[in-house]
Amino acid sequence: MTALPPFAARFQDVEVTFPRSWTAGANGTAYRVPGSTALDGVTCDVPAGQITGLLGRNGAGKSTMLGLLAAFRRPTGGTVLTGPDGDLRDPWEDAALTSAILLVQESGDVFHDQKVAATLAYYADLRPEWDAGYAEELLDLFEVPLRTKPSALSRGKKSALAATLGLAARAPLTIFDEVYLGMDTPTRFAFYDALLADYAEHPRTIVLSSHLVEETERLFEHVVLVDRGRVVFAEPAEELRSRASSLTGPTAVVEDLAAGHEVLHRQHLGPTTRITVNGALSDDDARAAAAAGATIGHEGLESLFVHLTRTSREAPATRVPDTDRAPARKEELR
Amino acid sequence: MFDGPEPIYLQIAQMIRAQVLSGELDEEDQVMSTTQFATTFRINPATAQKAFGQLVEEQVLYKRRGLGMFVAPGARERLRADLRERYFDEVLGPALAQASLLGISADDIVAYVGGHRPSNGSAARHEEES
């Protein structure tokens with residue numbers, strides 16, 4: 001079996017809406033459930049052969065996007081395309097494509113009431129690139145016994161089993177939908193390490209959805225941030241690292257420096273203000289800041305995530321800048 | 001590791017440069033593979049690859065087909081020459097500017113340097129474990 005090349009994927013103006021429906025209440029009354037929009041004009045690319053992070057808050061539309069990629073559902077509008085780079089097509093009902101796409105959900109798709117070994121045998125039949133030796137190695141690492149039924153496993157072990165299936169299948173498009181949720185920290189790190197090591201040896205396209213931004217951002221080569229059904233940005237990860245900057249200093253000075261920039265966040269502490277702006281500051285800005293007694297800091301991806309996805313209700317009260325977190329990012333003057 | 005504000009690939013490149021400069025990595029020594037970098041520091045292999053690419057361009061590293069990345073002959077000298085050229089502008093200049101801001105006199109600085117000058121040439125080598 002020749003291995004397929006890593007898949008790319010593209011969302012073009014994709015909409016997913018759920019229609020109004022009726023549901024029965026406990027006393028037999030019928031309730032109308034209002035329709036809702038899960039994705040609203042999503043356009044972005046998933047580059048072939050890279051690890052893409054799909055970031056977003058709960059309910060942002062991450063799982064809906066991943067379900068579309070795996071052809072578990074069809075969009076209400078727009079198109080979703082996947083396939084080898086340069087040969088993208090609609091994956092819906094396309095066995096040649098879907099057999100090369102694996103969507104791993106939190107507890108995996110497993111035979112709950114049969115031994116783990118039965119699920120492994122099933123995946124071995126179904127997945128052309130399945131590596132049985134590697135699967136057993138991973139289950140050993142995660143301490144998931146082969147002779148136990150998934151229904152008897154703890155939540156963390158279920159997630160570890162799901163992660164194992166995702167890695168050992170080596171699908172050209174492997175999608176992990178918050179698969180780490182049940183795992184404790186050491187297990188999550190073991191999963192990240194296994195993912196990186198196996199990805200380096202067997203290059204393929206991996207999409208990992210997450211809201212643990214700080215923990216996962218370094219795994220990504222590409223990042224897509226979705227919020228309330230829309231793409232906020234889709235960019236190479238390295239470019240995002242230095243995208244937001246902060247200015248700290250006397251209020252008048254800082255406000256002056258921030259003029260003309262998109263302000264993401266403003267904190268006041270007596271006469272001192274800290275403003276987070278979207279975008280890197282120029283050398284001229286840096287010199288002006290230094291001359292006026294303000295400091296320029298760099299904000300990580302997590303800060304960008306928090307500021308760009310905050311709702312108006314969550315606008316924070318004025319508080320002391322949180323200098324105890326990641327101090328290296330705050331004081332640096334460039 | 002690599003918690004600074006710059007892109008991680010720049011920080012990796014900087015770490016390797018420092019190791020070459022200090023002699024921790026000798027000429028013709030093999031550096032860690034992208035896979036080792038990725039799993040050791042839990043970063044995307046492409047990030048390490050990008051750092052290597054930059055160092056190859058700077059002639060600090062070179063690639064041996066099928067074997068991996070090695071420290072280029074003359075890399076240490078090249079780095080020393082480059083950093084020496086930039087030392088006054090990038091290191092001493094800002095330090096002296098800060099001194100003048102704090103009212104530290106030139107005499108104080110000269111006295112400090114006189115008391116701490118390392119014996120000729122021996123300061124370059126650190127035997128530091130990473």
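I will go through a sheet, then a helix pair, then the contact between the chains.

This is a predicted model, in which local features need pLDDT of at least 70 and side-chain atom pairs count only at pLDDT 80 or more, while totals for chains, interfaces and linings use all residues. Residues are numbered from 1 along each chain as its sequence is written, with chains lettered from A and ligands numbered from 1 in the order in which they are written.

The sheet first. In chain A, three strands form an open antiparallel sheet in the order S4-S1-S6; strands are DSSP runs of E, at least two residues, and helices are runs of H or I, at least four, numbered from the N terminus. Two strands pair if DSSP finds at least two bridges between them. The edges are S4 (36-46) and S6 (77-84) of chain A, each pairing on one side only. S1 (residues 7-18) of chain A pairs with S4(A) over eight bridges, and Phe11(A) has Cys44(A) as its bridge partner.

Next, the helices. H4 (residues 132-141) and H5 (residues 155-168) of chain A pack at about 155°, axes 9 Å apart. Axes are lines fitted to C-alpha atoms, for helices over the stretch in contact, and angles run from 0 to 180 degrees between N-to-C directions. H4(A) and H5(A) are therefore roughly antiparallel, a label for angles over 145 degrees.

Finally, the chains. Their contact takes 20 residues from chain A and 15 from chain B, where contact means C-beta atoms, placed from the backbone, within 7 Å. On the chain B side, H2(B) gives the most, with four residues.

Methods: Two residues are in contact if their C-beta atoms, placed from the backbone, lie within 7 Å. Angles under 35 degrees count as roughly parallel, over 145 as roughly antiparallel, 65 to 115 as roughly perpendicular and the rest as oblique.
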